[in-house]
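Here are my notes on this one, for when you have the model open.

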8 protein chains.
Amino acid sequence: MVQAYILIQTEVGKASTVAESVSKIAGVIQAEDVTGPYDVIVRAQADTVDALGRMVVARIQQVDGITRTLTCPVVHL
Amino acid sequence: MVQAYILIQTEVGKASTVAESVSKIAGVIQAEDVTGPYDVIVRAQADTVDALGRMVVARIQQVDGITRTLTCPVVHL
Amino acid sequence: MVQAYILIQTEVGKASTVAESVSKIAGVIQAEDVTGPYDVIVRAQADTVDALGRMVVARIQQVDGITRTLTCPVVHL
Amino acid sequence: MVQAYILIQTEVGKASTVAESVSKIAGVIQAEDVTGPYDVIVRAQADTVDALGRMVVARIQQVDGITRTLTCPVVHL
Amino acid sequence: MVQAYILIQTEVGKASTVAESVSKIAGVIQAEDVTGPYDVIVRAQADTVDALGRMVVARIQQVDGITRTLTCPVVHL
Amino acid sequence: MVQAYILIQTEVGKASTVAESVSKIAGVIQAEDVTGPYDVIVRAQADTVDALGRMVVARIQQVDGITRTLTCPVVHL
Amino acid sequence: MVQAYILIQTEVGKASTVAESVSKIAGVIQAEDVTGPYDVIVRAQADTVDALGRMVVARIQQVDGITRTLTCPVVHL
Amino acid sequence: MVQAYILIQTEVGKASTVAESVSKIAGVIQAEDVTGPYDVIVRAQADTVDALGRMVVARIQQVDGITRTLTCPVVHL
């Protein structure tokens with residue numbers, strides 16, 4: 001199981017609808033609006049790094065209003 | 001009361017109209033054009049962090065020509 | 001109550017000890033190692049933005065090995 | 001007369017002492033601690049761009065704890 | 001002969017089609033999807049720096065879905 | 001007299017036409033295509049910082065294909 | 001098996017010795033000097049994301065002269 | 001012949017001495033202090049990309065007070 005934070009930038013004025021839409025995607029644990037260089041921070045999980053990448057590209061990035069996502073996989077050092 | 005600087009990037013050629021429009025929004029104290037990585041720097045205030053976030057998303061980001069905003073809340077350490 | 005994500009960059013080789021030390025600070029809910037432009041992502045909470053700012057400067061930034069922190073307050077839009 | 005915002009990054013744990021020291025420099029109008037990618041935001045003025053550049057290098061950057069400054073001159077478009 | 005890594009950012013949802021299209025361009029050795037601040041990393045080669053620049057602008061940047069490219073020429077120190 | 005470097009990012013595939021168009025603007029001394037995070041670097045001059053800001057917004061940013069400009073005034077320390 | 005590009009920034013003047021040292025680490029396939037925002041680009045592989053994270057922190061970041069690493073795992077979409 | 005702009009960040013307070021020292025290096029055409037995210041912008045030339053890379057690492061980066069250099073080769077598209 002791979003977990004990750006996904007830092008999202010949205011089009012102006014779209015942050016709250018993006019957070020709400022992303023929070024309903026399977027594998028997404030939490031999606032919250034934040035201030036700063038990112039607009040929404042998501043916590044998600046998938047079986048593998050490839051599955052995580054596919055979830056980001058095929059599901060999360062399809063949400064209207066997202067301009068950039070930055071995936072940060074959690075590592076257990 | 002929460003105060004903040006809001007660093008704004010605009011579409012090319014829109015900096016001065018953005019500054020003028022943003023300066024009329026309730027809660028905005030000052031909005032000025034600058035050179036460098038940002039195009040307009042705004043000083044604003046609201047009752048809470050949530051109210052500040054809502055002002056940025058619901059009022060400032062609705063101004064035509066804004067591409068990114070970066071909210072930097074003032075903290076009293 | 002204000003909640004925030006704190007994105008941390010560490011000195012090379014210090015990520016895991018930073019995450020472990022930060023996770024013991026009062027107000028820190030979770031601290032995890034990640035890959036990408038940040039090394040540790042922290043979830044924290046405090047009574048106000050000022051208290052959050054003081055926690056970051058007075059407690060988290062005192063942890064040996066941290067070079068930059070980026071505080072992203074959660075907002076409820 | 002040239003006015004500018006100066007966005008400052010500090011060493012971890014030094015934000016409040018930097019803001020206090022910078023606020024005493026001639027030509028500095030205001031210096032405040034903020035959260036986000038910058039730690040202190042300064043408002044300053046000088047007679048010319050060259051004088052502003054010299055103030056930043058010769059006075060502000062001499063303050064202990066500053067790691068980077070980013071000068072954004074105000075422009076009247 | 002000049003070799004280079006080309007770090008590509010794509011529109012959301014376009015990473016895999018970009019990588020596939022870029023991999024067919026003459027001079028491109030490899031094109032792979034990655035997570036993080038970049039979406040696709042390409043390895044390419046050309047006869048000169050100018051030829052490399054032309055390949056990036058005239059061929060790679062013509063691929064639908066690319067928003068930014070960052071060319072990093074390999075140097076032998 | 002104020003001189004400045006203006007670091008320009010363009011839409012993909014537009015770098016050379018941008019450089020050519022910008023080089024014809026009054027006050028522009030030189031405009032060249034480069035590789036790296038910027039696509040065109042311009043050397044320009046104007047009577048004052050305000051005049052420089054106006055040249056960037058009213059003339060340079062009107063050139064089709066420019067997405068961001070970063071003005072770096074030359075200072076004599 | 002997880003593969004990744006690791007984008008490395010080094011202290012000034014250390015790029016070539018860093019590339020040489022990193023290229024000898026088990027799991028590193030290639031390490032080359034580049035120009036641009038990064039100084040060395042590495043191709044590496046490990047059994048899992050966690051093993052990759054440990055290799056970066058425990059082996060690569062121990063190389064003298066490295067100031068930042070940015071790990072970009074390859075994903076198969 | 002390869003020409004390049006080299007964008008330099010310096011330690012705080014070192015910009016003018018860095019510009020002066022760099023301007024004396026063989027192959028450097030001009031070195032000027034600027035405000036903004038970079039502190040000194042250099043124009044240089046060398047016979048090849050490799051020679052340019054060696055000049056940056058072996059000569060320019062040896063100048064005391066430089067923390068980062070970003071080389072942007074000029075390309076003729």
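1. First, the term: two residues are in contact when they have heavy atoms within 4.5 Å. Bear in mind that this is a predicted model.

2. How much area is buried between chain A and chain C? About 1,800 Å², with carbon and sulfur atoms giving 64% of that. On the chain A side, Tyr5(A), Glu32(A) and Thr35(A) lose the most area to chain C, and together they make up 28% of what that side buries.

3. Now the polar side of things. The rule finds 2 salt bridges across the interface of chain A and chain C. Arg43(C) makes a salt bridge with Glu32(A), where the closest N and O atoms sit 2.5 Å apart. There are also 9 residue pairs in polar contact between chain A and chain C.

4. Next, have a look at Arg43(F), which lies in strand E3 (residues 40-46) of chain F. Is this residue buried or exposed? Arg43(F) counts as buried because its relative accessible area is 7%, and the cut-off is under 20%.

5. What does the side chain of Arg43(F) pair with? Within chain F, it makes a polar contact with the side chain of Gln3(F) at 2.5 Å. The side chain of Arg43(F) also makes a polar contact with the side chain of Glu32(H), again 2.5 Å. Leaving aside neighbours within four places in sequence, the contacts of Arg43(F) include Tyr5(F), Ile29(F), Val74(F) and Gln30(H).

Note on methods: Residues numbered from 1 in each chain as written. Chains lettered and ligands numbered in written order. Predicted model: local features only at pLDDT ≥ 70, side-chain atom pairs only at ≥ 80, totals over all residues. Heavy atoms only, no water. Buried area = accessible area lost by both parts, 1.4 Å probe. Salt bridge = Lys/Arg side-chain N within 4 Å of Asp/Glu carboxyl O. Polar contact = N/O pair within 3.5 Å; in protein donor to acceptor, adjacent residues only side chain to side chain. Helix = DSSP H or I, 4+ residues; strand = E, 2+ residues; numbered from the N terminus. Buried < 20%, exposed > 50% of the residue type's maximum accessible area, 1.4 Å probe, protein only.
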